[in-house]
Amino acid sequence: EDFVPEAKASFDLLLAIIKKLKSDFPRTHIAMLTALDQANCRKSTTCSSKVTLPDQRTVPMGIEQELLNFSALCKEAAISCIQAPAPDSSVTGDEPLQYADDAHFSVHGHQWLGHLLANGLETIVREEGLAGGKRF
């Protein structure tokens, strides 16, 4: 895939870390959650954009591309992935998910994140048969 060089290096490092953790803790199920950038996209231009690389290639950036990249990483690392979609007005309503002056989640944002995590973990446990004797 086309990546900004720094992003490619970061993803490669994350993949190596995940593989090391899986090797060191083979009985532990690893899952990754993405949500911060999705929550942030409502108030910025990061939802969808393109960037021109030094070699003049244009590559997509933003939430849609990030979700694709993390899905590919989770598949390559053979881990579960819980990914929030970019929230629309039905999720955010009049209450922002993050405080205006920094990237910390608001009370509403923590509730959104909690529901996302609980639903994602429930799906993983049900679909991957992790109930019973397996550790999660």
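Me: Why are Lys8 and Asp12 said to be separated by about one helical turn?

Reply: Lys8 and Asp12 are four residues apart in helix 1 (residues 5-24), and therefore about one helical turn separates them. Helices are DSSP runs of H or I with at least four residues, numbered from the N terminus. The model is a predicted one, in which local features need pLDDT of at least 70 and side-chain atom pairs count only at pLDDT 80 or more, while totals for chains, interfaces and linings use all residues. Residues are numbered from 1 along each chain as its sequence is written, and side-chain values use heavy atoms, with hydrogens and water left out.

Me: What makes the contact of Lys8 with Asp12 a salt bridge?

Reply: The term requires a side-chain nitrogen of Lys or Arg within 4 Å of a carboxyl oxygen of Asp or Glu. The closest N and O atoms of Lys8 and Asp12 are 2.9 Å apart, so the pair meets this definition. The structure holds four salt bridges. Among them is the one between Lys20 and Asp24, at 3.0 Å; these two residues also lie four residues apart in helix 1. Another joins Arg57 to Asp55, with 2.7 Å between the closest N and O atoms.

Me: Why is Lys8 called partly exposed?

Reply: Buried means under 20% relative accessible area, exposed means over 50%, and partly exposed lies in between (1.4 Å probe, protein chains only). Lys8 has a relative accessible area of 37% and is therefore partly exposed. Asp12, at 38%, counts as partly exposed too. In the second pair, Lys20 stands at 48% and Asp24 at 39%, and both values carry the label partly exposed. Arg57, at 36%, is partly exposed, as is Asp55 at 46%.

Me: How do you know that the reach of helix 5 is close to the one expected?

Reply: The expected span is 1.5 Å times one less than the number of residues in the helix. Helix 5 (residues 107-127) has 21 residues, for which 30 Å is expected, and 30 Å is also its reach from first C-alpha to last.

Me: Which residues of helix 5 are buried, and what puts them on the same side?

Reply: In helix 5, the buried residues are His108, Gly109, Trp112, Leu113, Leu116, Gly120 and Ile124. They cover an arc of only 135° around the axis, and therefore lie on the same side of helix 5. The arc is that of the directions from the helix axis to the C-beta atoms. On the other side of helix 5, Val107, His115 and Arg126 are exposed.
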